[in-house]
Structure formats: C-alpha cells, structure tokens
Amino acid sequence: DRAHRIGQTKPVTVFRFVSEGTVEEKIIERADRKLFLDAAVIQQGRLAEQNAKVGKTDLMAMVRFGADEIFASKSKQLTDEDIDVLLKRGEERTAEEGKKIQTDVQHNLANFSLTTVEEGGSLFDFEGRDYKDKGSGLFINLPTRERKRNYDVDEYFGGEMGKGSGKKKERKEKRRGPPMHDFQFFNKPELEALLKREEELEKEQKAAAVSAKELRARATAAQAAPPADGGAESLAALVEAADAADAALETNYELPPKDLAKKEKLLKEGFGDWSRKDLRAYTNAMERKGRHDVETVAKETAQETGKSEADVKRYHAVFWKKYQELADWERLVDKVEKGEKKLQRSEEIKTALAEKIGRAPKPYECLPLNYGASRGKVWTEEEDAFLVNMMHLYGYGNWERIRVEIRNAWQFNFDWFFKSRNAQELQRRADLLIRIVEKENDDHKRAAGDSPAKASS
C-alpha cells in the first residue's frame, strides 16, 4: 500500500491476504507497530535508535513461529469458507491489533519495544507458548557465515606444489665476476676457473679468520688469568699462534701474481662494457653499410652507443673471428648479408643509371627509353625521364627527396597525377624503369661487341 500513499489524494482500499498461523502474521503486526511508532515519535522530531534494526533473535523467533504452526497443523482439517467471512474476520483482527498497539504506544512510550504488547506480554506469545525462546520449536540454528579471504594464485600453487616434498629449494649462489654474455667474447673456461679458485680462497680466508679470532680470544683470556705452573709457555704459544694466523690472513689467501696477471689480461680481452643494445646498434650499422666499410660502421656505432671508434674497430675484428660462439649467430649473419645484397643491388642500379645517362648528350631535355611492350598508358615519357634523372642524382630509395623535386619542377606545375604519387607508387614505377634501362644497356653492349667482329671480317 506504500505506492498508493505516495502522491495519492483519493481513498484507496488495500487487501492483504495473510496466512493465519505463519510468519506473515507477525510481519504484518510488526509493520503496523512501526507505523504507529512513526506517527507518535519519529514525525515529532524524536528518533528511537533502539528500534532502528531488527536483531537476529527477533528474526529467528518470527520464523520459528510460522514453522511450528506448520508442524502443529497436521491434525487440523482445511475447510472452505466464504470470502466475505474471511474479509470480515480480517477486519476484526486488524481493528483489534490496532487498538492494542495504540494503547501500548500511549501508556508505554518510554520503554516501547516492537515486541511488547502489554505488561508481561509479547508478540511471540501464542496460545500459551512463548516462541521467542531459542530452545522452542523445531527450527535448526544455522552457524554463522565464514567470509572467504582473497584468492591468491601464487600463494595457492606455491603451497600445493610444495606439499609433496619437504625439502626447500636451495638458493643458487651468484657467480663472481662479470656476467660474461656470449656477445662479450670472454675466454669463459679459463676465466671461470680463475674466478672459482679465487672464490675458494676467499672461503678459506673466512674460515681462517674465524680460527684466528678464536685463538686471539683464548690468548686474551689467558693473559687476564694468573699463570699457573707451565702457564707462561702455553700463553706465549697462544700469542704466537694468533700472530701467525693474523699474518697468514694477509698473504696466504690470494691468487699468485701470475694468475692475477692472467685474470686481468682475460678481462681486458673481453668486452664487459658492451650490452645487447650496443650489439644491435653495431649489426644495424653493418646491415646499412656492409661489413667491409669498417670506418663508416665504427663511426655510426660510436655515435649511437657513445663508445670510441677504436673500441668499435677492435670489437669488429673479434666479432668476425668468433661470431660462431653466439647463440643466434646465424640470424645476425643472415641479417648482415641481406643488407649487403641490398647495397650490391643499389650499386648495380647506380651503375646502370650512370651508363644510361652517359649515352644521352642532354639527359634532362631528351632521354629516350626503349619501353617495348611495357610502357603503360598512364605515365608519360617526360615523367619517366625525369624519374630516371632524379634516381641518378639522389640514388635509388630516396623517394621523399624525389617527391619534393617533382613538386618543385616547373614542367609539372599542372601534372597533378605525377605530383600526387606517393613513395610506394614511385618505387613500383622506378623498378620497371630500372629493368628497362638494364635491358637497354645489355643490348647496347652486345651491339658494341658485334660491331668490331663485323669490321674485322
């Protein structure tokens, strides 16, 4: 009926069908008492905090009331009654409960409770039984809910996988010395043997230091105590042993000078300051310039990595002697070889263009091309000749620079097709023109070779 009370100005009749002897009956009674309490207390500016929440005990008792009525109704028989009789009985019960609640609110407002009907009575008293008692009824007392903690995947699998073995994983000690990656080209077998021997000597030195400390403590304690018969000799022996142990700590646990010099030499032969990023910069420079252009490769690598050119040249010499020691040497070498093939092809294109331009007296004014059947219908001879001249001037692959020259050329001010070509389209056309030029050069060479033969015959 709450929805009808919001903004409703006309009378509204509400029918609530409640099953007698169930928890619904107690719920309706409790709702009516709240309405009376709202009119008597809350709307006058006072709020009874003690009635704000429903306790666990009240809820359990209300449910037990309905459950016990169900179990107790086994011997009763259900009868069909007229709807008017049911409505009349409901009106009487509603009016009776309303009077009780109103009287309770008026006479007992100071100690008003949602469960109090009259002095010594309760809403849960029914036919002489108090259903508020925890022990009454057949209701099962459910346990309290246990909250699950947050699920941690690492913690769960760590615990599950560690159940079978009681042994803890031993932590692997970090090896001394530089990391010695494969691209740093250290002599790992010899250097690791020296570092291992040095580590063993350090462990022995630590053990000897503990023994020397114990001897020194015994000697100090013996000096503080009064010497007995023969005590002077034992005291002198302790002091002498402690002094000898201290002296041995400084000299006996170091690598021999020969091994130290060998270690320093092996460390200098490697490239401990080179990282994988430096290796990538070095191989990229070789891919662009080739392995034989050492000066340019060293210069570009030094600019990118901050190393000296002499250091890069030394690395270059060692790299091509020991490159097969790298784990991925095949990939690196294949990358450099592909770059060298591109360079070789660029040189071939440059030579072919130079031969073609050299045969024309005025290449920028007239540069005929022998198309054959591959000319096409979109590109003009003037556009192709200009493209060949720009490739000869700026090199094959500098398409952005060639595009700028095309836009600035006066003869193509209104040639929007040629001026709007992108780098990919220019490259495709240039590849076709290069094949035409190379074929024309071959034909010219064969014709030049046949002419002396005919003249001699």
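Trainee: By about how much of the helix are Arg401 and Glu405 separated in helix α14?
Mentor: In this predicted model, Arg401 forms a salt bridge with Glu405, the closest N and O atoms being 3.1 Å apart. Helix α14 covers residues 399-408, and the two partners are four residues apart in it, so their separation is about one helical turn.

Trainee: Are Arg401 and Glu405 buried, partly exposed or exposed?
Mentor: Buried means under 20% relative accessible area, and exposed means over 50%. Arg401 has a relative accessible area of 40%, so Arg401 is partly exposed. Glu405 has 19%, and therefore Glu405 is buried.

Trainee: Which residues are joined with Lys307 into one network of salt bridges?
Mentor: Salt bridges that share partners form this network. Its members, together with Lys307, are Asp273 and Asp278.

Trainee: How many residues apart in sequence are the parts that Lys307 and Asp273 tie together?
Mentor: The side chains of Lys307 and Asp273 meet in a salt bridge, at 3.9 Å from N to O. Lys307 lies in the loop between α10 (294-305) and α11 (309-322), whereas Asp273 lies in the loop between α8 (257-269) and α9 (276-289), so the parts tied together are apart in sequence by 34 residues.

Trainee: Does Lys307 count as buried or exposed?
Mentor: The cut-off for a buried residue is under 20% relative accessible area. Lys307 has a relative accessibility of 15%, so Lys307 counts as buried.

Trainee: Which helices hold Glu295 and Lys313?
Mentor: The side chains of Glu295 and Lys313 meet in a salt bridge, 3.0 Å from N to O. This pair links distant parts of the chain, 18 residues apart, with Glu295 in helix α10 and Lys313 in helix α11.

Trainee: What are the relative accessible areas of Glu295 and Lys313?
Mentor: Glu295 is partly exposed, and Lys313 is partly exposed as well. The values are 48% for Glu295 and 31% for Lys313.

Trainee: How far apart are the end C-alpha atoms of helix α12?
Mentor: Helix α12 has 31 residues (329-359), so at 1.5 Å a residue it should span 45 Å. The model agrees with this expectation, because the end C-alpha atoms are apart by 45 Å.

Terms used: Residues numbered from 1 in each chain as written. Predicted model: local features only at pLDDT ≥ 70, side-chain atom pairs only at ≥ 80, totals over all residues. Heavy atoms only, no water. Helix = DSSP H or I, 4+ residues; strand = E, 2+ residues; numbered from the N terminus. Expected span 1.5 Å × (residues − 1). Salt bridge = Lys/Arg side-chain N within 4 Å of Asp/Glu carboxyl O. Buried < 20%, exposed > 50% of the residue type's maximum accessible area, 1.4 Å probe, protein only.
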